[in-house]
Amino acid sequence: MWFLEHAWIIPFVPAVSFVLILAVGKRLPRGGSEIGILAVGTSFVLSACTAVAWIRHVNDGGGAAGEGGEHALGLVARAAEEGHAAIEPVVKTVTWFQFGGHEFPVGTMIDGLSVIMLVTVSLVSLLVHVYSTEYLKGDRRFTHYFGFLSLFTASMLTLVIAQNTLMLLTAWEAVGLCSFVLIGHWWEEKPNSDAALKAFLTNRVGDVGLIIGVIILFFAAGSFNIVDINAMAAEGDASHLVLLMAAISLTAAVCSKSGQFPLHTWLPDAMAGPTPVSALIHAATMVVAGVFMVARFYPVFYEGLSINSSSINLLAFVGAFTTVVGASLAFVQKDIKKVLAYSTISQLGYMVMALGVGAWTAAIFHLFTHAMFKACLFLGAGSVSHAAHHTFDMTKMGGLRKHMPSTFKTFVIASLALAGIPPLAGFWSKDEILAGALQGQTNAYPVMLILGCMTAFMTAAYMTRAIWMTFFGEYRGEGHPHESPKVMTVPLWILAGAAVVVGFLNLPEKLAPDGIALRFERYVEPTFAFPEIEHPEFNFLLAGFSILLAVSGITLAWQYFARNRGPHGLTERSSLAARGYTILENKYYLDWLYESVIVKSIKGPIAGGVYWFNQHILDGAVNGAASGSKATGNWLYRYIDQGGVDRLVNASGAGAESSGQFLRRIQTGRVQQYAALLFAGAAVLAGIFIVII
Amino acid sequence: MLINQFLLLGAVLFCIGVYGVLSRRNGVAVLMSIELILNAVSINLVAFGALNGDIAGQVFALFVITVAAAEVGVGLAIVLLIYRNRRSVDLDQVDLMKG
Amino acid sequence: MVAENIAFGVIAAAIVLAALRVVTTRNIVHAALYLVVVLAGVAAQYFLLGAEFVGTAQILIYLGAIVVLFLFGIMLTRAPLKGESSLDNDQRWLAAVVALLLLGVMSYTVIDAFDDQELPADTVQRTAEVADSVFSTYLVPFEVVSVLLLAALVGAIVIARKD
């Protein structure tokens, strides 16, 4: 219980390490990475302890309640009436400041969702820290990198335990900032800084949605507390329109942060950053912040988008569409990291789609498993490039399985997990999502199901393509590739192991006895201030079908690329195919639309207008003011200073002189004259005194 | 006898003396005019003494006479000096303090 | 009473006329002589007022010593015995105005204050009283005046000596 109430320490330690690394890191023997690893390691241990504490808390049936708010108490009572245990999140707050009668607290909120996120973030961050010590050895900004890795970890950890929307917003922005800094780590090369800017600005577009959503929710619930907001939404009293508006605004934020169509364009470009950064931020943690946010505010989405009763809604559609877009674009990439980036986009689409069809646990479970195998894939890609002289171009690789057995094996394991081959983790989570789409809440979500299946097929196919180009065939690159050192391969093995094992955390009821089945769901899914959702049941038919899809995807791709069978040279023969290929290559012309059409048209006239304004009006005003004051100064000098003041001074001097000249005539030197004046004066005075007074 | 007679006599004598002081060019003549003034004052003093039965009037008149004597002595000495230095006692020419 | 008034009137007229001649005559020796008349007349007035000692002292000192002093001064400063062209300076008229102004003020004051007040009948104040007063009440001023005379004497000698 102590861990649940003192969870603020978990993000605090990396934050302190950020400051320390930047302050003294350069002088340390390992350039500050010791502090970073130590801090994140501590966070991981604490997160693990917190997870255990939470499990115990749930098993105890909730125990002591936290500071959930008034809505919350009502819900506890109602839940008690309805006869199932509502376990409140453990909330701890401190009042930051008061303004206008409203208190602004900061605090932590620990429930199953936070706990699983804490564990995921700290584990992947720790492995990435260790990996980076080797990957970035001798880098020009080694210490700076580790400082910002720590800051990112701190921000992400704060985000997942944020008690109110303001904290969430702040942490959201902070992770965006760290992403910017880390993508642009080698900013001396322009493509890198461009990519960093693109990431930041695209995220900014979505952040507007987040701010609007937070404001709408504040006015709806009267509070920034997440528990209060969820309670308000779950009770069913809130206006449906308000929740819909909030949900739509928040969806915009999800689109940008979690790389959904149409704001996904920044993610592939973000691969310009170092590979460990891509693994941590753009595969496992930051990009899932959007998914986390939807999961956190699920009652709002559930009620707002009527997930309950619809068969298609905004969230589900965006997610499903994104999966297909991502998967299709992954086929035409030559850069291995870009393949993985599009794959991430596609899998994020899966998670969002799952949330859209009401399969909450499936989405979070997929988030967890995806973090494991995607991080493994990225780190593997980094390892590969380390060997192939820092290139990511798959055309320059090949036959690396002989030279890098560890990397090869872990990569294959993770790819199979991604493709959804049982009993690896990806199968369980992806299958649950498809089952959710099939089942829906009241109605099925057929469109999502179809798109999801298509993507499953494509996922298997493009991963096979990537593996073929990288690890099989003859080595097409320069130099002699070799296996990476243990510091890099050990994290790969850990993650690959996780990819194998974690799937068993959420075994469906049909396949496992009661004590083991659905562990993940039991501990992670909220029971408090949460809508009553239908959970997808394990469908043997669907499971079999998805396995078939995956296997056929692998096989067909293998046949096409490895055995060279199939319709090769299609793009040369068929102009339709060629055009299709060009569209894919140009990423559906989205980048062209954003940059050349939207941005340029705004930039051109507005920039020109502003420039004109600046030159003519602002500068004119400034120049005018300057010349005006100069003229005023001249006039003042001539007329007032020289003419007026000086004349006055001169006149007084001249006056004194002339009066002196005049008065000196009295001084004749003759005594009798003085006497005369004296007597005259005396007479006059006497006269005045006597006669008049 | 009215007191006013003596007082008016004294006033007239005083004013004549003032006129003489202010208008005479010769230094000695000025001194003579000063004697007139002093005598006028003495008359006043004695008249008032007689009016009030106070002997102080006469006493003061005596003192005035004495002081007048001293003053004439010194004054003439000064006039002599002026004459020695300038060969004339024309007061109009004694204007060294002219501003 | 009437006799006194007549006497007063005659003597006063003499005084005034002589005084006027003192300040207007061109001949300085004549001025000195007219001064004698004035001083004598003043002494007579003292007698009329019953101040015997003062009158006597006036005659003795003024007429006896001071006038002689004046004459010596006139002689030593080589005043032209026949008279100068003009013995008055430029500010004659101003002086006249001032004098008249003074006269006016003083007359007005006197008349306003002592309208018809009469002197007491017996105004004789005996010399013995004067002596008593000088040597008792006004002893210090008396001594001071002696010192003053000494100083004047010495001073006159110092100023006027030839060296």
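## A buried helix in chain A

Of the 17 residues of H15(A), 13 are buried, so this helix is largely enclosed by the rest of the structure. A residue is called buried if 20 or more other C-beta atoms lie within 10 Å of its own, exposed if 12 or fewer, and partly exposed in between, with C-beta atoms placed from the backbone. Helix H15 covers residues 314–330 of chain A, and at 1.5 Å a residue it should span 24 Å, which agrees with the 24 Å between its end C-alpha atoms. The expected span is 1.5 Å times one less than the number of residues.

This is a predicted model, in which local features need pLDDT of at least 70, side-chain atom pairs count only at pLDDT 80 or more, and totals for chains, interfaces and linings use all residues. Residues are numbered from 1 along each chain as its sequence is written, while chains are lettered from A and ligands numbered from 1 in the order in which they are written.

## Chains A and B

Chain A contains 28 helices and two strands. Helices (H or I, at least four residues) and strands (E, at least two) are DSSP runs, numbered from the N terminus. Chain A has 693 residues, of which 51% are buried. Two residues are in contact if their C-beta atoms, placed from the backbone, lie within 7 Å. Among the contacts in chain A between residues at least 6 apart in sequence, 80% join residues at least 24 apart.

Chain B has three helices and zero strands, and its pattern along the sequence is α-α-α. Of its 99 residues, 58% are buried. For contacts in chain B with a separation of 6 or more, 44% are between residues 24 or more positions apart.

## The hairpin

Strand E1 (residues 90–99) and strand E2 (residues 102–110) of chain A pair in the antiparallel sense over nine bridges. Two strands are said to pair if DSSP finds at least two bridges between them. A:Val90 has A:Ile110 as its bridge partner in E2(A), and A:Gln98 stands opposite A:Glu103. Two residues lie between the strands of this hairpin, and A:Gly100 in the turn has a positive phi of about 60°. Most residues other than glycine have a negative phi, and most peptide bonds are trans.

## Cis peptide bonds

A cis peptide bond, with omega about 0°, joins A:Phe261 and A:Pro262. A:Pro262 is in the loop between helix H10 (240–257) and helix H11 (266–269) of chain A. Another cis bond runs from A:Pro422 to A:Pro423, with omega near -5°. The loop that holds A:Pro423 lies between helix H19 (405–419) and helix H20 (425–439) of chain A.

## Nonpolar cores

A nonpolar core is a set of buried Ala, Val, Leu, Ile, Met, Phe, Trp, Tyr and Cys residues joined through C-beta atoms within 7 Å. The largest has 211 residues, and those with the most contacts inside it include A:Val291, A:Phe301 and A:Ala375. Helix H17 (residues 360–387) of chain A gives the most to this core, with 18 residues. A second, separate core of 75 residues includes B:Ala11, B:Val21, C:Leu39 and C:Leu48.

Leaving aside neighbours within four places in sequence, A:Ala375 is in contact with A:Val124, A:Ala279, A:Ala283, A:Ala284 and A:Leu495.

## Contacts with chain C

The contact between chains B and C takes 59 residues from chain B and 75 residues from chain C. On the chain B side, H3(B) gives the most, with 21 residues. By class, this side has 44 nonpolar, eleven polar and four charged residues. Here Ala, Val, Leu, Ile, Met, Phe, Trp, Tyr, Cys and Pro count as nonpolar, Asp, Glu, Lys and Arg as charged, and the others, Gly among them, as polar.

Ten residues of chain A are in contact with ten residues of chain C. The chain A side has seven nonpolar, three polar and no charged residues.

## Confidence

The predictor's confidence in each residue is its pLDDT, from 0 to 100. Chain A averages 83, and 94% of the residues score at least 70. Within chain A, confidence is lowest in helix H4 (residues 70–82), at a mean of 51, and highest in helix H6 (residues 142–160), at 92. Over residues 64–71 of chain A the pLDDT is below 50, and this stretch has 21 contacts in the model beyond near neighbours in sequence. Where pLDDT is low, the predicted coordinates should not be read in detail.
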